[in-house]
Amino acid sequence: DVAAADAAGRDPHDGIALDNGQHVVVGAYRQTLALLATVHGTAGVGALFHRLPLTLRPFGGRRPGEFELAAWNAPAPLHLAGGVLSAQGLNWRERLALIADVRRLARMESRVAPGETVAQCFARTPRRAFAAVWEPLCLATLNTVPERASARMFAHVLRAAFTGAARHSDFLIPAVDLSACFPDAAAQFIAKRGGVVRSGVTVRAIERTGDAIALSIGTDVATFAAAIVAVGPHQLAATVGSAAAGEDAWRAPLAQVGAFAYESITTIYLGFTGRVAFSAPLLRLDDAPGHWAFDRSAALGSGAAKSAKSLIAVVISAGGPHDALDHATLAARVESQLRRLAPNLPATSFSRVIAERRATYACTPGLARPAGGRICRGVYLAGDYTDPVFPATLEAATRSGAAAARALIADCATVAAARGSTRAP
């Protein structure tokens, strides 16, 4: 994910549905794509995304000496090898070093030391090649700068994307807002099958009462047969409550998330009075300060912000000095960055900054993370920070949710069998 905010959601501005972050699904994210197919239907998933091969293309067009890469339309691994060999802005030594890195990915995961950073792991890669490819991909997937990011977690992602089918390395960029992409469709899917979705409520305690799980919701208490706790790690202690926090089952998970550091993800929206051409729906910036630019003009609609003809979402994928700036100053600096890269941009009509200060945990080497699934009888834990393979990505979130659901179903089946029933409680 370019941005892995706590939840995909809308932040309306003058009738425009602005996401609280920008997400990119990688073709290797099988669990995420499977869930999308479940709630939208297999045929409906294609309309949700702009799909393009692995592409790193600069905003404003390529300038002399600037890097540009696009994977070939060829079987794996030729699609990556061809893309690297034909990449612009690198010399042959740098291109061959990247090819060697890609070959190394197939066997490096088990050899990465737990305490090794991404920068250390790629220390032999020429600096320009590293900055052109591995640094932006590290920021996009781990939301942590390479000097502090876990090489082992990065290797997990790269192996998933760069080994196997060529489609695994594709970028799938949402063509609709993130709530429409999954949460809204999931809620409708549940409701059609007799389930109930309650939004805008806060759980402040989870306790076992006999064979039931009691949730404190405001001044009310609701009981259920089981509960899956799927909140951000910084929300976990407040959600389970002080009584549960004192139980042995919660002690280790709460201690582990209590040691987490966090990274911000900041999205700066800029509306323009004229059309801004995008050669691809996702373009690279020069990290001063923005990392990525998304074309979100489709979100404008026919009746929203009539003075805006284009909408660009600029993402800063990790924390940094920009966190200390007020929103107006940051928006002005990002606009200056875009105009420096594309001097003929039209005038701006509005700007909006959405900053998630604890958008994701810092994915540092050797970080102890809680195990997902069954915490105690009737209570299960899910969240991108509990998946043992992926960092804080949509795939980690969906994998953890599916794992918790499987554990719950298995336990219910065991209880039903013990009662001599064929139906789970």
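Start in the middle: of the 110 residues in the largest nonpolar core, Phe59, Trp134 and Trp250 touch the most other members. Keep in mind that you're looking at a predicted model. Helix H6, residues 127-142, gives this core its largest share, nine residues. A second, separate core has five residues, including Ala382, Ala404 and Leu408. Here's the background idea: in soluble globular proteins, nonpolar side chains tend to be buried together.

Now select Trp134 and show what surrounds it. Leaving out residues up to four places away in sequence, Trp134 touches Leu98, Asp101, Val102, Leu105, Phe122, Thr125, Ala129, Phe154, Leu158 and Phe162.

Colour H10 (residues 236-245) and H11 (residues 248-258): their axes come within 11 Å and cross at roughly 140°. The crossing is left-handed. Sort the contact residues by class and you get eight nonpolar, no polar and no charged.

Move on to helix H1, residues 30-40, and pick out Thr32, Leu33, Leu36 and Val39, which are buried. Why do they line one face of the helix? Look down the axis of H1: the buried residues fall within an arc of 130°, so they share one face.

Most residues other than glycine have a negative phi, and most peptide bonds are trans. Select asparagine 143, in the loop between H6 and helix H7 (151-162). Its phi is positive, about 50°, although it is not a glycine. Is asparagine 143 buried or exposed? Asparagine 143 is buried, with a relative accessible area of 0%.

Now jump to the loop between E13 and E14, where you'll find aspartate 287. Aspartate 287 also has a positive phi, near 65°, but this residue is partly exposed, at 30% relative accessible area. Stay in that loop for proline 289, which a cis peptide bond joins to alanine 288, with omega about 5°.

Last stop: proline 77, in the loop between strand E6 (69-70) and helix H3 (78-85). A cis peptide bond links proline 77 to alanine 76, and omega is about 0°.

Notes
Residues are numbered from 1 along each chain as its sequence is written. This is a predicted model: local features need pLDDT of at least 70, side-chain atom pairs count only at pLDDT 80 or more; totals for chains, interfaces and linings use all residues. Side-chain values use heavy atoms; hydrogens and water are left out. Axes are lines fitted to C-alpha atoms, for helices over the stretch in contact, and angles run from 0 to 180 degrees between N-to-C directions. Helices (H or I, at least four residues) and strands (E, at least two) are DSSP runs, numbered from the N terminus. A crossing is left-handed if the near helix is turned anticlockwise from the far one by less than a right angle, and right-handed if clockwise. Ala, Val, Leu, Ile, Met, Phe, Trp, Tyr, Cys and Pro count as nonpolar, Asp, Glu, Lys and Arg as charged, and the others, Gly among them, as polar. A nonpolar core is a set of buried Ala, Val, Leu, Ile, Met, Phe, Trp, Tyr and Cys residues joined through side-chain atoms within 4.5 Å. Buried means under 20% relative accessible area, exposed over 50%, partly exposed in between (1.4 Å probe, protein chains only). Contact means heavy atoms within 4.5 Å. The arc is that of the directions from the helix axis to the C-beta atoms.
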